Amino acid sequence: MRLFKGFLILIAAVLSFQPVFSQATAKPVYVIVHGAWGGAWSFKKVDYLLTDAGNIVYRPNLTGQGERAHLATLDVGLDTHIKDVVNTILYEDLHDVILVGHSYGGMVVTGVADSIPDRIKKMIYLDAFVPEDNESLNDITNNNITRFEIKNGYVIPPWVRSGQMPPKDVPHPYKTLSDKSVLKNPLRLKLPTTYIHTIDKGKEAKEDEFYVQSERAKQKGWPIINLEADHNPQRSIPEELVKLLQKIAEN
């Protein structure tokens with residue numbers, strides 16, 4: 001009998017702990033997807049600031065980039081990167097995700113939202129590409145990526161040089177930029193989405209390379225927020241970026 005009573009007490013203790021666990025997991029959850037040539041490392045400061053403010057942050061590193069540069073192969077495509085993020089969300093059992101995509105990361109988060117829209121609460125495109133179904137990044141940039149060196153299946157811009165020490169940008173698999181988006185889930189289009197357009201100080205919005213992408217977002221009815229910054233606000237003005245991300249998440 002004593003053993004049975006002890007078992008009941010243990011069960012009661014576990015049940016009484018459940019509300020505390022639920023409360024802990026109610027914190028806003030951000031999943032931030034970096035851009036081409038970069039890595040999750042570039043959002044380290046943003047992660048620190050968001051976490052310090054009481055949020056939960058995941059920074060999946062895309063295959064062949066950043067700390068996973070050693071996994072780069074010519075087979076790495078857009079779908080590989082979409083699955084990198086989808087699997088992070090599924091295996092970490094994340095729900096109500098605030099999904100942020102920077103630059104090329106816009107191609108990735110669009111595919112993620114199409115795959116698992118039920119796990120996403122809000123979408124934020126940070127100076128990012130906005131594809132439609134059956135469009136590649138090359139398609140929506142008029143193949144402007146060819147202004148960079150393309151060597152052995154990788155795109156290598158001038159700032160990516162051999163001999164640099166990590167953390168650093170690395171060559172990006174060309175296949176990810178030529179692969180077509182496959183977007184078939186109408187639920188993706190119902191997700192609340194905001195576009196952040198970064199504009200260099202002293203420039204007009206129309207002068208910026210990503211103005212066309214912000215116009216695509218505008219045509220979809222998404223709120224457009226202009227942020228005075230270079231293309232990498234996660235490095236140049238992380239504090240201001242974090243405040244903006246939280247403001248969008250709260251609205």
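How much accessible surface does the protein chain have, and what percentage of it belongs to carbon and sulfur atoms? The accessible surface comes to about 13500 Å², with 55% belonging to carbon and sulfur atoms; areas were computed by the Shrake-Rupley method with a 1.4 Å probe, and for residues only the protein chains shown count as cover. The model is a predicted one, in which local features need pLDDT of at least 70 and side-chain atom pairs count only at pLDDT 80 or more, while totals for chains, interfaces and linings use all residues. Residues are numbered from 1 along each chain as its sequence is written, and side-chain values use heavy atoms, with hydrogens and water left out.

The overall picture comes next. The C-alpha atoms of the protein chain fill a box of roughly 80 × 40 × 35 Å along the principal axes. The chain holds 9 helices and 9 strands, where helices (H or I, at least four residues) and strands (E, at least two) are DSSP runs numbered from the N terminus. Of its 251 residues, 48% are buried; here buried means under 20% relative accessible area, exposed means over 50%, and partly exposed lies in between (1.4 Å probe, protein chains only). With a contact taken as heavy atoms within 4.5 Å, 72% of the contacts between residues at least 6 apart in sequence join residues at least 24 apart.

In soluble globular proteins, nonpolar side chains tend to be buried together. A nonpolar core is defined here as a set of buried Ala, Val, Leu, Ile, Met, Phe, Trp, Tyr and Cys residues joined through side-chain atoms within 4.5 Å. The largest such core has 38 residues, and the members touching the most others are Val85, Ile89, Leu99, Tyr104, Val108 and Val112. Two or more residues come from each of strand S1 (29-33), helix H3 (78-91), strand S3 (97-102), helix H4 (105-115), strand S4 (120-126) and helix H5 (137-140). Apart from this core lies another, of 21 residues, which includes Val57, Ile124, Leu126 and Val242.

Helix H3 deserves a look of its own. Its 14 residues reach 20 Å from the first C-alpha to the last, close to the 20 Å expected at 1.5 Å a residue, the expected span being 1.5 Å times one less than the number of residues. The buried residues of H3 are Leu78, His81, Ile82, Asp84, Val85, Val86, Thr88 and Ile89. Just after the helix, Asp93 takes a positive phi of about 55 degrees.

Side chains of opposite charge can pair when their charged atoms come close. The count of salt bridges comes to 14, each being a side-chain nitrogen of Lys or Arg within 4 Å of a carboxyl oxygen of Asp or Glu. In one of them, Asp84 meets Arg68 at 3.4 Å, N to O. Asp84 lies in H3 and Arg68 in the loop between strand S2 (56-58) and H3, so this pair ties together parts that are 16 residues apart in sequence. Asp84 counts as buried at 13% relative accessibility, whereas Arg68, at 25%, counts as partly exposed. Another salt bridge joins Lys83 and Asp79 at 3.1 Å, N to O; both residues lie in H3, 4 residues apart, about one turn of the helix. Lys83 is partly exposed at 48%, and Asp79 is partly exposed at 44%. In a further salt bridge, the closest N and O atoms of Lys184 and Asp133 are 2.9 Å apart. This pair links distant parts of the chain, 51 residues apart: Lys184 is in the loop between helix H6 (175-178) and strand S8 (193-199), and Asp133 is in the loop between S4 and H5. Lys184 counts as exposed at 62%, while Asp133 is partly exposed at 31%.

Finally, 3 strands form an open sheet in the order S5-S6-S7, with antiparallel pairing; two strands pair if DSSP finds at least two bridges between them. Strand S5 (149-151) and strand S7 (172-173) stand at the edges with a single partner strand each, so one side of each is left without a neighbour in the sheet. Strand S6 (residues 154-156) is joined to S7 by 2 bridges, and Tyr154 has Pro173 in S7 as its bridge partner. Gly153, in the loop between S5 and S6, is partly exposed at 28% relative accessibility. Not counting residues up to four places away in sequence, Gly153 touches Leu74, His172, Pro173 and Tyr174. The C-alpha atoms of Gly153 and Tyr174 are separated by 5.6 Å, with the two residues 21 apart along the chain.
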